[in-house]
Structure formats: structure tokens, C-alpha cells
Amino acid sequence: MPGTLRGDCANCFGLCCVALPFAASADFAADKPAGQPCGNLRDDFGCGIHERLRESGYPGCVVYDCFGAGQQVSQVTYGGRDWRREPGSAREMFAVFPVMRQLHELLAYLTEAIALPAARPVRDDLRRALGAIERLTRLGPAELLDLDVAARRAEVSVLLLRASELARKGAGRRKEHRGADLIGANLKGADLRGANLRGAYLIGAALKGADLRSADLIGADLRGADLSGADLTGALFVTQSQLNAAAGDAATRLPAGLSRPAHWTARK
């Protein structure tokens, strides 16, 4: 994934720490309404507990990924003018951020799809879609807020699904679990090669030793899922935030370009 599609907190005005709301839960230690700075946000827009978020009751922050939308809004859309020095821009900036985040997420998926060798038949369409979304990210605030993002997502989704089908074609008999409720399911050692798990609810699922090679996991909810010893080699559209939300160990095999979360190695 290109660097521009990875969060760069040093060049962001703490937008995810201000624009987004969260409620006291297992993911967050306190309530915070949208538009109000988190109590842990420092004056330099850094996080005061960044190195101990999980221990401090904020694992939800660890799994969040803006796909680089934060620095795009801060440094490009608003040209480095932050909401503290120009408070009149705050409300608009906070509304633009989630729109940009969705566009950057689409860019990340399209970039991955273009690189799939099996997606060659649709590569030109994928590249055109990538260019179109990139152009949207350079629009001004008013134009971004006027976008029909749902329509853009739907258009891109068709292409991503086609790329996924082509990439999973060689996996043999493929299981269909799109949007399935697999919360807490016992899938230990399951053969899920090439499975369609798009948008599946795998919260707390036991996937220890499961074979997820070439499975499509776009949008799958892996919070608390046990991926210990699972094989995700070549799994499609897996994000770092999905792995950060799950549990795993040193034996978990990851897709290229993704890192083993620190809390995995700390597990007993």
C-alpha cells in the first residue's frame, strides 16, 4: 500500500481524535461526542497515551485506520491550516474528514486489486476507477461534502468483487459467507481457502489453525477473533486495522505488507 494511504499522525491535526464520537465501552474508556477533542489529545495534536492505549482502555483507537485521510485533509484540503488556529473551519473540517476517509479506503482496495495478477482482465477498469477516486480527493471542502460517497462505493465494489472472483478462481470449491453472522463460531482448522467472507461478522470467532489462503476478507469484522496459527497467505483486502482488532500468535501467517500486531506477541 502506498505511503499516502497510511496514517501519518505527525502531519494530521488529530482529526480522528476530535471529529469522531465514541462511547464508553470495551473499546473506549470514556464517552466523547463528535467535534470534541479527546481528553488525551495534546496541544501538538499528538496522543498523550499513544504508547499505552490498550492498557489505558482505548483499544478502539489502536484498531482505527484513516488510510491516510487525516494528513490529506490537514495538509492538502486545508493547506496546513489547523482547526485550533482557525476555529471557524473546525465544523467543516470535521465533516470532510469521514468523507475523505471513505475515499482513501477505496483507493487502498483498488491499489491492492490492481496488483493482483489474476485481475488482469479488469485492470484497466480498476485503474480508471483509481484515477477517478484520486481526483475526488483533491476537491475542495464544499465539493467533498456534496459527494454521493455511497454511489462511488457501490461502483467500486462491483469492480473489487470481480477482481476478487478472478483471484479466488483457482482456490477450488469456495465457501460463500458474504455478510454471514459467524459471531463466536467454532472454525478451528476450517478450510476457508478462497472463501467469500466479505462483510462477515467474525467477532470472537475461533479461527485457530484455519486456512484462509486467498479468502476475501474485505469489511469482515475480526474483533476478538482468534487467528492463532491461521494461514492468511494471499488473503484479499485484509487491513492492518482488522489484524489489530483480532488475536493471533507467532504462527499466524499474514498477507504480504502487513505487520504482526504487538499485542499478539504478548499473548500467553
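Buried residues are those under 20% relative accessible area, with exposed meaning over 50% and partly exposed in between (1.4 Å probe, protein chains only). The structure is a predicted model, in which local features need pLDDT of at least 70 and side-chain atom pairs count only at pLDDT 80 or more, while totals for chains, interfaces and linings use all residues. Residues are numbered from 1 along each chain as its sequence is written, and side-chain values use heavy atoms, with hydrogens and water left out.

**View 1. Helix H2 is mostly covered.** Helices are DSSP runs (H or I, at least four residues), numbered from the N terminus. Seven of the nine residues in H2 are buried, namely Ala69, Gly70, Gln71, Gln72, Val73, Ser74 and Thr77. These buried residues pack against H3 and helix H5 (141–145), where contact means heavy atoms within 4.5 Å. H2 is followed by Gly79, which has a positive phi near 55°.

**View 2. Helix H2 (residues 69–77) packs against helix H3 (residues 90–115).** The angle between the two helices is about 125°, and their axes are 8 Å apart; axes are lines fitted to C-alpha atoms over the stretch in contact, and angles run from 0 to 180 degrees between N-to-C directions. H2 is therefore oblique to H3, a class for angles that are not under 35 degrees (roughly parallel), over 145 (roughly antiparallel) or 65 to 115 (roughly perpendicular). From H2, Ala69, Gly70, Gln72, Val73 and Thr77 take part, meeting Met93, Val96, Phe97, Met100, Arg101 and His104 of H3. By class, this contact has six nonpolar, four polar and one charged residues; Ala, Val, Leu, Ile, Met, Phe, Trp, Tyr, Cys and Pro count as nonpolar, Asp, Glu, Lys and Arg as charged, and the others, Gly among them, as polar.

**View 3. The largest nonpolar core has 48 residues.** Such a core is a set of buried Ala, Val, Leu, Ile, Met, Phe, Trp, Tyr and Cys residues joined through side-chain atoms within 4.5 Å. Leu15, Trp83 and Leu126 touch the most other members. H2, H3, helix H4 (123–136) and helix H6 (149–168) each supply at least two residues of this core, and the largest share, 15 residues, comes from H3. Leaving aside neighbours within four places in sequence, Leu15 is in contact with Leu20, Gly70, Val73, Ser74, Trp83, Met93, Phe94 and Phe97.

**View 4. Ser89 is found in the loop between H2 and H3.** Ser89 counts as buried because its relative accessibility is 12%. Not counting residues up to four places away in sequence, Ser89 touches Tyr78, Asp82 and Trp83.
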